[in-house]
Every structure is written in C-alpha cells, then in structure tokens.
Amino acid sequence: MNLKKNLALVAALAMSATVLAGCTKTEGNEPADTTAAGGDTPATTDAAAPEDTGDQFTVMSWNDGVPVKWGETVYTAAKPLPDGVTYNPVVFGVGGGEATPYFQNYMESGDDLDIFALEADFALTFLNSSYAGSLADIGVSEDEFANAYDYTMAIGTVDGVLKAVSMQSCPGVYAYRTDLADQYLGVKTPEEMQAKVKDWDTYLATAAEVKEASGGKCTMSVALGGIWQVFSAARTQDWVVDNKFVVTDEVKEFLELSKTLADNGYIDTNAQTWDASWYGRGIDGTTMGMFTCAWGLEGCILIDAAGGVDGPSYGLWNITTGPAGWYWGGTWLAVSSTTDNPNLAADFIRYFCADTETMTHFARETGTFVNNKEAVKAIVAEGGYKNPLLGGQDSYAFFAPAADAVPAMNIGEYDGTVKSALNPVMVDYATGKYASIDDAVKAFTDNVQAALPDLAW
C-alpha cells in the first residue's frame, strides 16, 4: 500500500497525529502538582450498565485530534448519535504535559463528561482516582481486547481493574538518514544499520566512526531527551515506593552514557527535544539520526525533521530498532465514573480500540500503527505500509515485531513530573555543570522534591 504525497493525505496525517503522545510536546512542561482529587476507585461490578440519559456525549482531550476530531468526523458519521443527543468535544489546546490541571479543574466542576483521553505520562494520575470508572461497569470486558499489545493493556490496568485502553501502539525506533549512513558508514540496509546500533557499546563505537568520517560535522544523534525515552522504558519499578522517591539504576546508567556522548561530541546537547534545532539537525544533515517512535512518523517528529513533504531529507530516512526494545507515549481512552451515557461510552471505546474493521481502516487512511494485531496482520497481508517519508520502507512490517518486543515497563502516577525534573539535569551533567554523578542525582532529587513535596522526604 503506497501513500500519495498530496495535501489531502498530509492533512489526514496531521489530524490523526496531533493528539498522539509525542506530538503534545511534553518535554519539560509537566505541572509540578499532578495529584488528582477524588476518592477510592469505583468497584468493578458484573451488573448490566444503566440506560443512557444524557443529552450530550462529551469527549475530553488536551488538543483537537484523535479521538475528539475523529469522534466527530468518523464515529458520529458511522454511528449517528441517538435523537436528542449532541456530540460535545472538550478541548484545551495544550500539550499533554500541561493537561493535568485542566483535566482536574474540569472534573471538579461537575460538568458533563463521558470519555477522556490520557497520555502515558499522566494516565495513572486519573486512573488511580475516582474520576475514571471501571470499563466492566459499562459492560466492556478485557476479553474484547485480545488483539491488543500486552504493554498497552498493562498501562490501562490498575489493581487488576481495566480502566483505559489504547487505539495505537507506539514502539520506539532509531530513525537515521540513509544517505549519511551510506556516506559515513557504508551502510545500505536497515539490517546493516541495526548491526551498527544493536547495543549501547556498539552505538558508541559507531558514533566514533561517524565523527571521524564526517570530520566532526555529523553527530550520531541529537537531543538527550529521546535517548532517555529508551532508558525510561526499561524501568522495572515505579519512581515512588511506599510514598518515597526512588532513583532507579536506569537514571545513573543514562547519565553516564549522556556524559560519554557529550564529551566525545557524539550528540548535540544544545538541541532540546521539541525545539527548532532538534528538527533542523535532521534537515541539514548534521545528525545521523534521532530516537522517535511510531507516532513520530505521522506528521510530527520525523516529517518536521525532514523539512516537510517537500523538504531536503524527505524520503531519505529509514528506521531500525536501535539498542533496545522500547515505546514512547500513546493515547488511552477512559470512561468517566460520572458518565450519564454508559452505553454510548462503551460503544465509542469498542469502535476505536477494539473493532478490527475500524482499526484497519484507521491504519489504511493514516498510517497509524494501531493497537490491534488482527488489523496489523491485514495491513501486512495487503503489502504493508510503504512510507514515502522512509523512502518506501514498509513501516508496518517493522513495527509489528517491534510492538511485541516492548517490555511491560512500570509506569506510575508521577512519571511526567519526574521526567520534567530530570530534563535540565541530564543536560547540565552532560555538559559538566556537576562535578560528579552523585551531585547530578542530588539535583534531580531536589527537583522532584520541589515538585512533589507531599512525598516522604
């Protein structure tokens, strides 16, 4: 299946990608206070869902994209709402990292709410609260998502209760410039490139090759934030245990790698994730590649790094796994515990997150890597998704095994806050501001304490 480089499709890609997690520009923007109000999680019950009584069907998200826009343009077109019920999108127009207080204020207001979208970084803030109901309470069972990738189900499950499901899977990748890989490394295929980045020691050795071959003009990657996403995905425990903050081993390992990369000129520490310099290095050929993920190919990170569909490096990119299996972000749908349209809410969630036909159509139209293994099989059987951004590389054939390899990482309620606390420290340590890694860890801990003073310090 081939994409056509035309404005209509670009618009479709942009529409589908705007709410995907990475396109929300969360780096460094997480609010300090992410503690949701509310009481205990509603108990799961096998009782039939009550009747719909609301005259509005309200879907809330941080920006105007999936599922809000597609709810109006796709869902309501295929499944018109009952007479007397209007579709009511609530959109705040902010990045995912800024969404928490907006969500809290809206929920505390008591205004109508049926479905709300969540990003991984702040999902548990609300899934751990009384704001999110059990999907079983609206008649939606876990068995209906047998085709979903395991890690997406784990993120939406709290204390054994399924409270949110995802429409997409977001395996991570190392995206690289094929022309630069050929010029500096003699690499011709993604398989050859993977051999050059298969683990962090090999990655560093390849970075040295690139530096020497380019005369120091080209770095192996750009911005430390993307590399942190790989390490973050490997975490095996929550940041907060028994109300105490825990610095995991991945932090020190990452900081040590960051210093090595910076000291040797293998990365641009001046470029920050989401700023113009991050994209610019992909356009001008001064970086071999960058760490991104499935949604980063959909009118967001990598298209911007190519300079757009007519940009100088559009079509010159390929993707490979990199040093580890990982994922970045995603969009989960949760049901409000106060919904007055439980049956509509159940139908909406099934339509976008369980229905194979819908998700196959969504994949064909947008290139989104959907969270449905049967839909993925259908796309692969049709010939895959030959992505012009990647010079025709079949992104679906790549992402299918990559999604299966994503570890069941441990996410927590404060992930977004902790990431924001780490962002300045990672750069400062890499560039020599701190005399030791212990000093950097202390600064990181101090930042977290300032953001989360109610923990046991």
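Modeller: A polar contact here is a pair of N or O atoms within 3.5 Å, and within protein one of them must be able to donate a hydrogen and the other to accept it. Bear in mind that this is a predicted model.

Biologist: Then what caps the N-terminal end of H16?

Modeller: Asp 394 does, with a side-chain oxygen 3.1 Å from the backbone nitrogen of Tyr 396.

Biologist: And how many of the 10 residues of H16 are buried?

Modeller: Seven of them, so H16, residues 395-404, is largely enclosed by the rest of the structure. The buried ones are Ser 395, Tyr 396, Phe 398, Phe 399, Ala 400, Ala 402 and Ala 403.

Biologist: Step back a bit. How many helices and strands are there in the protein?

Modeller: There are 18 helices and 16 strands. The protein has 457 residues, and 59% of them are buried. Of the contacts with a separation of 6 or more, 78% are between residues 24 or more positions apart.

Biologist: What is the mean pLDDT?

Modeller: It is 86, and 89% of the residues reach 70 or more. Residues 1-22 have pLDDT below 50, though that stretch has 62 contacts in the model beyond near neighbours in sequence. Residues 24-46 are also below 50, with 87 such contacts. Where pLDDT is low, the predicted coordinates should not be read in detail.

Biologist: Noted. At what angle do H2 and H13 pack?

Modeller: At about 100°, with the axes of H2 (residues 68-78) and H13 (residues 342-353) 11 Å apart. Angles from 65 to 115 degrees count as roughly perpendicular, and H2 and H13 are therefore roughly perpendicular to each other.

Biologist: Which residues make the contact?

Modeller: H2 contributes Trp 70, Gly 71, Val 74, Tyr 75 and Ala 78, and H13 contributes Leu 344, Asp 347, Phe 348, Tyr 351 and Phe 352. By class, eight are nonpolar, one is polar and one is charged.

Biologist: Next, H9. How many of its residues are buried?

Modeller: Nine of the nine, so H9 is largely enclosed by the rest of the structure. They are Leu 224, Gly 225, Gly 226, Ile 227, Trp 228, Gln 229, Val 230, Phe 231 and Ser 232.

Biologist: What do the buried residues of H9 pack against?

Modeller: Helices H8 (200-213), H10 (249-263) and H17, and strands E8, E11 (267-268) and E12 (289-293).

Biologist: Where is Ala 223?

Modeller: Ala 223 is in the loop between strand E8 (221-222) and helix H9 (224-232). Its phi is positive, about 75°, although it is not a glycine. At 2% relative accessibility it counts as buried, the cut-off being under 20%.

Biologist: Asn 243 has a positive phi too. Is it buried or partly exposed?

Modeller: Partly exposed, at 37% relative accessibility. Asn 243 has a phi of about 65° and lies in the loop between strands E9 (240-241) and E10 (244-245).

Biologist: Change of topic. What is Gln 194 in contact with, beyond its neighbours in sequence?

Modeller: Thr 320, Thr 321 and Gly 322. Gln 194 lies in helix H7, residues 190-196. The side chain of Gln 194 reaches the backbone nitrogen of Thr 321 at 3.2 Å and that of Gly 322 at 2.8 Å. Gln 194 and Gly 322 are 128 residues apart along the chain, with their C-alpha atoms separated by 6.1 Å.

Biologist: Last one, Thr 431. Where is its place?

Modeller: Thr 431 is in the loop between helix H17 (415-430) and helix H18 (437-451), and is partly exposed, with a relative accessible area of 47%. A polar atom of the Thr 431 side chain lies 3.3 Å from the backbone oxygen of Asp 428. Thr 431 and Ala 262 are 169 residues apart in sequence and 6.6 Å apart in space, C-alpha to C-alpha.

Conventions:
Residues are numbered from 1 along each chain as its sequence is written. This is a predicted model: local features need pLDDT of at least 70, side-chain atom pairs count only at pLDDT 80 or more; totals for chains, interfaces and linings use all residues. Side-chain values use heavy atoms; hydrogens and water are left out. Buried means under 20% relative accessible area, exposed over 50%, partly exposed in between (1.4 Å probe, protein chains only). Helices (H or I, at least four residues) and strands (E, at least two) are DSSP runs, numbered from the N terminus. Axes are lines fitted to C-alpha atoms, for helices over the stretch in contact, and angles run from 0 to 180 degrees between N-to-C directions. Angles under 35 degrees count as roughly parallel, over 145 as roughly antiparallel, 65 to 115 as roughly perpendicular and the rest as oblique. Contact means heavy atoms within 4.5 Å. Ala, Val, Leu, Ile, Met, Phe, Trp, Tyr, Cys and Pro count as nonpolar, Asp, Glu, Lys and Arg as charged, and the others, Gly among them, as polar. pLDDT is the predictor's confidence in each residue, from 0 to 100. Lists of a residue's contacts leave out its neighbours within four places in sequence.
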